[in-house]
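Biologist: I have a model open and would like to learn how to read it. Can we go feature by feature?

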Amino acid sequence: MMAPLLEARSLSKFYPVKGAARGAKLHAVDDVSLTIGAGESVGLVGESGCGKSTMVRLLGRLIDPTTGQILLGDDDITAMSQARFASSAGRRRIQIVFQDATESLNPSFRVAQAIADPLQRLLDMRNAADIDKRVRTTAALVGLPEELLQRYPHQLSGGQRARVGIARAVAVEPSLLILDEPTSALDVSVQAVILRLLADLRDRLKMSYLFVSHDLNVVRLLCSRVVVMYLGKVVESAPAEALFTAPRHPYTRALVAAIPDPARRREARPRLDGSPTSPIDPNPNACRFHGRCAHSTDLCATTMPPLRAGGADHFAACHFALASTGGNP
Amino acid sequence: MAQLEIDNLSVEFRTRHGVVRALESVTLSVARGEIVGVVGESGSGKSVTAYTVMALNDEAAQITSGRITMGGIDILAAQPDAMRQLRGREMAMIFQSPRTALHPIRKVGKQIEDVLREHAGLPSRDLKQAAIAALARVRIPERRAEAYPFELSGGMCQRVMIAMALACSPSVLIADEPTTGLDVTTQAVIMDLIRDMSRSARMSTLLITHDLGLAGEYCDRIAVMHAGHVVEIADTESLFDHPAHPYTRQLLAATPVPESRIETLHSIPGQLPDLRSTLPPCRFSGRCERRQPICDERELPWTELTPTHLVRCRFPL
Amino acid sequence: MSLATLARNTGYAFGENRLTLTAAIILALLALCAIFGPSIAPFDPLTTSAATKLAPPSALHPFGTDALGRDILSRVIVAARLDLGMAISAVVLSFVVGLALGSLAGYFGGWTDRIIGRAMDTIMAFPLFVLAMGIVVALGNSVANIIIATMIINLPFYCRFARAEVNVRRDLGYVEAARMGGNGSLRVLANHIIPNILPPMMVQASLNMGWAILNAAGLSFIGLGVRPPTPEWGIMVSEGASYIISGEWWAFMFPGAALVLAVFCFNMLGDGLRDLLDPRKRV
């Protein structure tokens, strides 16, 4: 049994809501537990408002959780504040590759500088020659031509910018790489290259991945396990193939059915309409999907379904989750 | 007869850094009730095509050849006033990024009323009801007519835009990346809506997208564009089953589908050619492994594989 | 940015916009006057001559002479040093302090923001020129105090601007990446955010320069700060104003024109500076 690299236990993140009733809280992430093994690639999917961006920031230790713990190996990295963690030895072990679209590269930094900065801060490298060598090696590793090292981000193509973002994150050789929509702004052909690069790097640098994306086909390519979130909670967690071929939670089934598939163009598929219920002070005793779910019953309105196992490593939070066919009961 | 016909369209942009030959000899047509997808990557010219049809290009754009006819009317020869009449009434466009395409400080109900007032010629007292009816068609409840765009989700904003576009029952709808940025479940609902309205109103729909999978599910025919050329047009099944152009085949191989494996995911070699430079007749030849000397010398013909499957290649697969 | 890039970009920015180039040339000339003033002035600005008082412009005195017979051209040239010097000092001080306070307020928010905000509000509660007058009167009539007064009344301008710019950038991807990369808050602010807000702030500084010149000249005009016989455009306009009615227009016109020219050119330069410093426009 692999020792988990990262374990999140009952993480919650609540934000106070201005202007609403006193004490109203937005439940961005609500009692989420997650484990990532060494060398494992876990996908995190869900739609806008599900809390995956907040999870990225929680697991990346950019924000402090309201409650809950995160264990990196044996260390509880939530025992110290996020500011203290930033200067601890653990900081370099978790890195994030950000979405290209959100200006994740500093417009006034040249590429070489962008890659060198974490080396100087996290690895405390001082010698200019050493830093330069490491920058070049990292650039080569991600397939970034040397002549681009002196360029500014606005002089790079989308694919090149994506590589710089990856180079910056892997330069410090993290154990866990969190990828937040790393290819969503890229053309298909460029995306393919970057995905192959990510797969290659993972094997070479022996990293674990948390891959967050709205594109389920891409997640399926890179991840061995997928976690589905809805309104701040985990609704399903399963090996990738199982999740896509035999999803057990109604939301996951709607999600999978919504993926455009030319092979099934003639089929009428079930559609999920409406919007999610409010994440502000949600009813703790009702299933979050109640009201939008085709199978809602009174039980759904009165009892929050726990995340239950059913089948090999396949968990779903639904009172009526279909049992998996085949495999172990 | 096709409702919208684009024939041999070529568009250039005069810029400070040279002349960009954005489109060359683009030909495609959309029949009534048909949904045609225009698929391509960035720089392929798909958005320029859409904007040219709507005559919404900026002044730097120069149409150097070709014709666009809509219901028999020559769009390119039309006066700006005539175009303004057509836009909104006979032809409508849905833009990317719905929240920014709507007026930020005007209630959505009022925005629909504006369209109706301008193009449907309804008397003032009927406007409000007509707007509510338009919203109902896209399944937005009446009370939301009083909302501002920032109060609505991205999906709802897009539906408002669709309601505005369809308020006057146009005969041509151009949807430019209508679901980019939307959740996949919302995308499915929006696309289902577009498809249903297209069929029921016998509307010609041009769907511009970079998502081949999306085009594959919703379009009757697909035109694949690369660097300003249409390289292949076919009905959807033929395109996916027997892609004839090397670019189409590679694009399909690079698009992740449920069956894809990371080891076999294909990446297309090379880059888009610089559209300001002198270009060979086939703009894909620089990246094509099947290239022959003749590809760079002679003019590029259309090859008809079947009456509904055309490819612009000397050596189709 | 290397010197070569700077030179290339300067050429590019100025080549694009003739007006900016003209403004820069004129300002360069004024700067020369400021630096070499006494050496290039044809006459001693302080030498009086009752015989030639209020002489109209001529070949000998291109700008005429004032009520005490002093050559106006020489005085205008030499005054450049004081006027530009005061304005630049005040703007630089204001810029640096405003940038620091505004950045801290914009990045940390909370009480830092509230306290700094209230301090700025206190300054802005007064009509600014009146406040400047009050400060000079309280601290004493001197050039240094004009600079301090001008600096204080301009502070909120830079502070609010920096605060807004930092606020916008605080949640961007590259700031989060900088934090992931081990940069503490102050480092993120100093090394990652501020370099990006300098270009727009420089534009503001250039526009503000014109106002600072007018402010300093204005204080001198009403008799605060610089005392006669020191040549300074504001004082010269004040002294010359008494003679408008009697028709000796050159006494106030030329120093006034110098003021207008300086303010105008600084405003024109604002855009050119932004182009120069914006990394996105770098070739």
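Biologist: Which residues have the most contacts inside the largest nonpolar core?

Modeller: First, the ground rules. This is a predicted model: local features need pLDDT of at least 70, side-chain atom pairs count only at pLDDT 80 or more, and totals for chains, interfaces and linings use all residues. Residues are numbered from 1 along each chain as its sequence is written, while chains are lettered from A and ligands numbered from 1 in the order in which they are written.

Modeller: Now the idea. In soluble globular proteins, nonpolar side chains tend to be buried together. A nonpolar core is a set of buried Ala, Val, Leu, Ile, Met, Phe, Trp, Tyr and Cys residues joined through C-beta atoms within 7 Å. Buried means 20 or more other C-beta atoms within 10 Å of a residue's own; exposed means 12 or fewer, partly exposed is in between, and C-beta atoms are placed from the backbone. Here the largest core has 271 residues, and A:L210, B:I112, B:A163, B:L206 and B:L207 have the most contacts inside it. Helix α3 (residues 72-108) of chain C gives the largest share, 19 residues. Helices (H or I, at least four residues) and strands (E, at least two) are DSSP runs, numbered from the N terminus.

Biologist: What is B:A163 in contact with, beyond its neighbours within four places in sequence?

Modeller: Contact means C-beta atoms, placed from the backbone, within 7 Å. For B:A163 the partners are B:I112, B:A134, B:L135, B:R137 and B:V138.

Biologist: Which residues of α4(B) are buried?

Modeller: An α-helix has 3.6 residues a turn, so residues three or four places apart point the same way. In α4(B), B:V108, B:G109, B:Q111, B:I112, B:E113, B:V115 and B:L116 are buried. Their cover includes α5 (124-137) and α6 (154-166) of chain B. Helix α4 (residues 108-119) of chain B has twelve residues and reaches 17 Å from first C-alpha to last, close to the expected 16 Å. That expected span is 1.5 Å times one less than the number of residues. Just after α4(B), B:G121 takes a positive phi of about 60°.

Biologist: In what order do the eight strands of the open sheet in chain B run?

Modeller: Strands of a sheet pair through backbone hydrogen bonds, either parallel or antiparallel. Two strands count as paired if DSSP finds at least two bridges between them. The order is β6-β7-β8-β3-β9-β10-β12-β11 (chain B), with mixed pairing. The edge strands, β6 (91-94) and β11 (303-306) of chain B, each pair on one side only. β11(B) pairs with β12 (residues 309-311) of chain B in the antiparallel sense over three bridges. There, B:T306 stands opposite B:H309.

Biologist: What joins β1(B) to β2(B)?

Modeller: A hairpin does, through two residues. Strands β1 (residues 2-15) and β2 (residues 18-31) of chain B pair in the antiparallel sense over ten bridges. B:E12 stands opposite B:R21.

Biologist: Which chains share the most contacts?

Modeller: Of the two pairs of chains in contact, chains A and B do. Their contact takes 29 residues from chain A and 30 residues from chain B. On the chain A side, α6(A) gives the most, with seven residues.
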